[in-house]
Structures are given as C-alpha cells and as structure tokens.
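Have the structure open while you go through them.

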Amino acid sequence: DGDVYKYYAEGEWKKSSSGKTVSIINPTTRKPQYKVQACTQEEVNKVMDTAKGAQKSWAKTPLWKRAELLHRAAAILKEHKAPIAECLVKEIAKPAKDSVTEVVRSGDLISYCAEDGVRILGEGKFLVSDSFPGNERNKYCLSSKVPLGVVLAIPPFNYPVNLAVSKVAPALIAGNAIVLKPPTQGAVAALHMVHCFHLAGFPKGLINCVTGKGSEIGDFLTMHPGVNCISFTGGDTGIAISKKAGMIPLQMELGGKDACIVLADADLDLAAANIVKGGFSYSGQRCTAVKVVLVMESVADTLVGKVNAKVSKLTVGPPEEDCDITSVVSESSANFIEGLVMDAKEKGATFCQEYKREGNLIWPLLLDHVRPDMRIAWEEPFGPVLPVIRITSVEEGIHHCNASNFGLQGSVFTKDINKAMLISDAMETGTVQINSAPARGPDHFPFQDPLLQQIFMVIDLCWPYRSHYTLPKNIINF
Ligand code: G3H
C-alpha cells in the first residue's frame, strides 16, 4: 500500500523515531500511493539546531560558491524531471505534461535565483551624516545585507516543487538555512527535489525536509523559536500562522478570486481562450486561476457561447493520459466544490453543462447568471467550476472585484488600452493582466499578495493591436 519515504536532516535520509507514517492518497485512484515519515517534535528540535549551525558557516561561504551549488542542483533537477513529474502525477493528479513543466520551470528558477543573488546581494549603502539637519560630516554609515538565519518554507500541494524552490533557492543564495515542510500531497515530489540538492553537495544540515502530521508538528514548526522567517503559500492556514508566529518576517501568498472583466469591445475569441485556459488549467487548482468572469451584458451571450464551445473540447480523465481536467486533490476538496455548485443551483444559476462527478473527478462546469448572493460569487472553489456574472457597467465589475476578500490577480479584456489602464489601476489586486489570463510566471516577475496594494500590470505581448498602437504620452512610462 505504497512506498515509504524517509525525511531529510543533517544531510541524511532518516526514518522517524515515531515509527509512524502518513499516507498519501492518489487523488485519481483514491488509494494510498506513498507513505512519508511522521516526524516528531524532538526531531524538529534537532533539525532546527543543526540548521542554525550549518547556516553560520554557509553565511560565510562566498556567494559565487553558493551560486555554483544552486546551478548544480538546478541541472540535476532538470535531469531528473521524469521521475519527479511522475510523483506529481500520482500525488496531486497534475497532468503529465504540466508536471514536467513544473520541474523544468523550477530548475530555471533556481538558476535565475543564483544569477540574481550574485548581482543583488553585493548592494549596500554608504551614507554621510551631514545630509541630515544639525549634523556635521563626522559620521559614516555603511550598510549591507545579511541573512535572516533559518527560513521555514511551507509550499502548497498544487506546486510542491516549484513553490518550494521559489522559497528554497532565494533563501539559500542569500545565506540562509532551510527547513522545508512540504504539503502531504506532494511531499514525495518535494523529497525528490530535495534529493537533487543533496546530490549537488550542499553542506550537511543546511537543507532539511521534515514531513508529518500538521496536528503534531504544524504549529510546533511555525512557533518554533529557531525559525527566523516563514515563507508560506496556501490558504486560510496562512492567517492562523500569522497570528501564532513570533516577531519574525512572514511572507505569505494566500488564496485568490481572480476577476476577469470583459468589456463589450473585447476580442471575444481571445477572451474565451484565456478564460478557459485561466479557469480550467490544472482543473482550476491554481491561486491565479480565473475564478469569476464579469462580462458586459451586451456581449455575455456571445462570450458564454464561445467559452462553452471550448469547454466541450476539454478532455476529462487520468493525469497519466495528460487529460485537461483531472481529479481534484482530495475528497474533501471535491465535497467543498460540490457544496458551492449546489448552493448556486438552489439560488438559480444557469448550468451550461450538466454537473457530473465521479469520486474526485469533477467535469468542467460554467455557471452563468451567477448573482452576488451565491457563495460561488465570492468563494474560491479551487476546482473546475467557473462562475459568470453579467454586468451592465465597468464600475459594477470593478466594484465586485474590489469587494472580494481576495485580490491576488485580475484581468481585463478590451481593445481600448486607455480603458485597460484605467480599469487596471482601479482594480485592487496585486497584478492585473491586460488581454491575458492571470498567471504568476514568468517566475522572475513580481508576484505578491494584494494587501500590499501595489499594482503591477502585464500587457500580453500577443496583444493584437500593440504593434500599431501609440500609447498616449501621459501613460507611456507606466
Ligand atoms: O497557485 C498558485 C501559484 O502561484 C500559481 O502559479 O500562475 O504559475 O499557475 P501559476
């Protein structure tokens, strides 16, 4: 009933003294696929101690050497993309091709961090005191960047490799040690990724990966005095972590309810293609998935028709066969999605397809005429179900977007670049994509939680009018 994997500490693969394991259920077969160690609190204590020790000498290791090891890990990871991708297929039912892409993209990100780190970390400041009132030129200030210490990295199930390396690689290049707590679904892919770092030859104890039950080691890890920074990607757990963690920097990327505003002048074929890609890739289990379409009533029938035509072409089935729609990660997730669908049904949403579910597999579903009193208008299904709200003014769309608790990304479809810019500016989200689906990548682009309210706009290079469009002077420097 599944291969048993060890955890990684002090540069070695170890069995937990608990004698217990945690089962990883294959979302497709709903049978145990793998088992990982149920680490104990004592083991976490030991890991924290050794990480701290290893970090001290790592911080003194020249940057170019740190970068060299990261480049080596990236190469090893990419070399082993096939077996790691296979774990993703089995553990989180990610379609086969997307699984390979996740691993390759992760290797590229590690290399990028190595390159970027070498250039950025040398920056420092030199200040002279006489620029502040009342001071003579008799004091100099030198500042430089120093590592934080031990970084606790907690990635989510949907990108257990990529969102692990997006924490691990920057932390390492900056001279920190890592304690990685992978999600249970995805833990084995993450352990394989850690093995690539092991093979690259990083110092013992610098990188650690503990697995186990959240109830046993979750709070213990996040409240551990040995942790100097937490980088977490996931859902509401992030809120709980932020309340419990001590006086340490927290970096959180939580949920999203990315709104896609479609204006009457939009290229509706382009919008439909992006809505389907954005809403249904990896069965909607992406924080940046399109999670609500806000379309002008005058073009809603046409848009919905075009989206439906594309939805009918999505393949549904096992990830091994590279189907577009695969089982959602767990039974509880499928039940939650079903709850949102049933609520919308009771309240009168139009079902563009018949609701169909077998085990954890939910067929793609577009819900039209969704109204604000329905849960799906606001909640994040993290599944292949997409609500459409018809609007009669742009303001209504912006209002809905800004009334949401989430605001990770958003998108706007229009041929009028001036309107696109103004709407993007009005949308209170971390990023706005113009004429393109929300997405985190390329991975070196800024990506952050909405609470910071920094607006970042991405114009799709495929913008069909861009080549012969002159931006007005007042917005050319955005
Ligand atoms: O699920 C959250 C991820 O950060 C989304 O990444 O836009 O590359 O799918 P993605």
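1. A word on the basis first. This is a predicted model, where local features need pLDDT of at least 70 and side-chain atom pairs count only at pLDDT 80 or more, while totals for chains, interfaces and linings use all residues. Residues are numbered from 1 along each chain as its sequence is written, and side-chain values use heavy atoms, with hydrogens and water left out.

2. Start with the shell. Around the ligand you'll find R105, N158, Y159, L163, E253, R286, C287, T288, A439, R440 and F447 (near here means a heavy atom within 4 Å). That splits into 5 nonpolar, 2 polar and 4 charged residues, where Ala, Val, Leu, Ile, Met, Phe, Trp, Tyr, Cys and Pro count as nonpolar, Asp, Glu, Lys and Arg as charged, and the others, Gly among them, as polar.

3. Now the polar contacts (pairs of N or O atoms within 3.5 Å). The side chain of Y159 puts an N or O atom 2.4 Å from a ligand oxygen. For N158, the distance from a side-chain N or O atom to a ligand oxygen is 2.7 Å, and R105 has a polar side-chain atom 2.7 Å from an oxygen of the ligand. As for cover, the ligand taken alone exposes 310 Å², and the protein buries 97% of that (Shrake-Rupley areas, 1.4 Å probe).

4. Where does the ligand sit? Its space is the second largest pocket; sitting there requires more than half of its atoms to lie within 2 Å of the grid points. A pocket is an open set of points on a 1 Å grid over the protein atoms alone, with protein on both sides within 12 Å along at least five of seven lines, and lining residues have an atom within 4 Å of a point.

5. This second largest pocket has a volume of about 810 Å³, taken as the space filled by probe spheres set on the points. Of its 37 lining residues, Y159, K277, S281, R286 and A439 are the closest to the centre. Elements giving two or more residues to the lining are α4 (96-120), α9 (268-280), β21 (431-434) and β22 (456-459), and α4 gives the most, with 5. By class, the lining has 17 nonpolar, 10 polar and 10 charged residues.

6. Lastly, the structure holds 3 cavities of 30 Å³ or more (a 1.4 Å probe fits but cannot get out). The largest cavity has about 40 Å³ of space, and its lining is G279, G284, A289, V290, K291, P381, F382, G383 and V385.

Note on methods. A polar contact is a pair of N or O atoms within 3.5 Å; within protein, one must be able to donate a hydrogen and the other to accept it, and residues adjacent in sequence count only if both atoms are side-chain atoms. Helices (H or I, at least four residues) and strands (E, at least two) are DSSP runs, numbered from the N terminus.
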